[in-house]
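User: Can you walk me through this chain? I have a few quick questions.

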Amino acid sequence: MKHAIGHFLALCACMIPAPAHAQAYPAKPIRFIVPFAPAGPTDTQARWAAQQLNAAFGQPVIVENRPGAGGVPGTDAVAKSAPDGYTLLAGNPGPLTIAPSARAQLPYDPPRDLAPIVLIARSASCLSAHPSLPARGVKAFVALARAQPGKINYGTPGVGTVGHFATELFATQAGVKLNHVPYKGAAQYLVDLLAGNIEVALAQFAQSAPLVKQGKLQCVGATSRTRSPLLPDVPTIAEQGIKDFESYNWNGVLAPAATPRAIIARVHEVLAKQLATAEARELYTSQGHEPGGIGPDEYAAFLKAETAKWARVGKAAGIPRQ
């Protein structure tokens, strides 16, 4: 009798349907929101990820650009979307790890409202200067800045961006005062830097390395932990005396917080597998990026550490909340 009852219960358990998301995901197109304009690094890496997911899932992955306000509105749109795996976010430090310290009000709380999936890549920068600036290397630049407090202008894509906070981190650690000139994007300040209208700016190696090689810019130092393969002769800022300095832009994939773990794991599996291929690693390293692949838990810990770091920078530099 007991055996019969056990057999009956086991049979019933087998008949209970698995959750729909585990059975059929994805059963329709996926929307991938990029909270910045097309053609930038976040957009480019999101489109790469979309191609990998499309190939693996056999469903369209539609990249939707929602630029403006430092990426906050686009990020908020994902935070408030249905947690069903059909809306993904192209994550960037501006709206995720810097905005909590840069903005007086934020319509979402990143660790509460978003679920990290995978870090695609990190991107270091060159502290780039116009060739006319009489400063070759960090020590000479710091000496010049100390002799002219507040006179050297640096450009960024805007208040509360990595370029803004990372340059203020450098200034704080070096004990200098620089003048912030915010722009609406990297393309605009790069034009002014090349023209000599501003003296310095952080520019990712994919942008800056060709210009340095052509003599149109000089690289004061690399923001990475180790030297960039694109400019291997340029020492890092830390190597040149600013102890432990490092700063990276990065891009990753996130989803609304309550998205089922099975879906998050599946998206991570596809992208991490592709990031581990020789083809992907060559693609990213050739562009000056460091390919990622870390999983949801490691990515969450990374975001937590980055948020705390930029909060310390904002406080030390006295950056007012907007």
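Analyst: Ask away; what follows goes from the overall chain to helix packing and the cores. Bear in mind that this is a predicted model.

User: How many helices and strands are there in the chain?

Analyst: The chain has 13 helices and 11 strands. Its C-alpha trace spans about 90 × 40 × 35 Å along the principal axes.

User: What percentage of the residues is buried?

Analyst: Of the 322 residues in the chain, 52% are buried. As for contacts between residues at least 6 apart in sequence, 78% join residues at least 24 apart.

User: Switching to Gln45. Where does Gln45 sit, and is it buried or exposed?

Analyst: Gln45 belongs to helix α3, residues 41-57. Gln45 has a relative accessible area of 2%, under the 20% cut-off, so it counts as buried.

User: Which residues does Gln45 touch, leaving out those up to four places away in sequence?

Analyst: Gln45 touches Ile120, Ala121, Ser123, Asn251, Tyr284 and His289.

User: Staying with α3: at roughly what angle do the axes of α3 and α11 cross?

Analyst: The axes cross at roughly 115 degrees and come within 10 Å, with α11 covering residues 261-275. The two helices are therefore roughly perpendicular to each other.

User: Is that crossing left-handed or right-handed?

Analyst: The crossing of α3 and α11 is right-handed.

User: And which residues meet there, in α3 and in α11?

Analyst: From α3 there are Trp48, Ala49, Gln52, Leu53, Ala56 and Phe57. They meet Arg266, Val267, Val270, Leu271, Gln274 and Leu275 in α11. By type, the residues of this contact are 9 nonpolar, 2 polar and 1 charged.

User: New topic. How many residues are in the largest nonpolar core, and which have the most contacts inside it?

Analyst: The largest nonpolar core has 31 residues, and Phe141, Phe170 and Leu178 have the most contacts inside it.

User: Which elements each supply at least two residues of this core?

Analyst: They are α5 (93-102), β5 (125-129), α7 (138-147), α8 (162-174), β8 (200-204) and α13 (296-317). The largest share, 7 residues, comes from α8.

User: What does Phe141 touch, again not counting residues up to four places away in sequence?

Analyst: Phe141 touches Leu127, Leu133, Ala135, Ile152, Phe170, Leu178, Val200 and Val220.

How values were computed. Residues are numbered from 1 along each chain as its sequence is written. This is a predicted model: local features need pLDDT of at least 70, side-chain atom pairs count only at pLDDT 80 or more; totals for chains, interfaces and linings use all residues. Side-chain values use heavy atoms; hydrogens and water are left out. Helices (H or I, at least four residues) and strands (E, at least two) are DSSP runs, numbered from the N terminus. Buried means under 20% relative accessible area, exposed over 50%, partly exposed in between (1.4 Å probe, protein chains only). Contact means heavy atoms within 4.5 Å. Axes are lines fitted to C-alpha atoms, for helices over the stretch in contact, and angles run from 0 to 180 degrees between N-to-C directions. Angles under 35 degrees count as roughly parallel, over 145 as roughly antiparallel, 65 to 115 as roughly perpendicular and the rest as oblique. A crossing is left-handed if the near helix is turned anticlockwise from the far one by less than a right angle, and right-handed if clockwise. Ala, Val, Leu, Ile, Met, Phe, Trp, Tyr, Cys and Pro count as nonpolar, Asp, Glu, Lys and Arg as charged, and the others, Gly among them, as polar. A nonpolar core is a set of buried Ala, Val, Leu, Ile, Met, Phe, Trp, Tyr and Cys residues joined through side-chain atoms within 4.5 Å.
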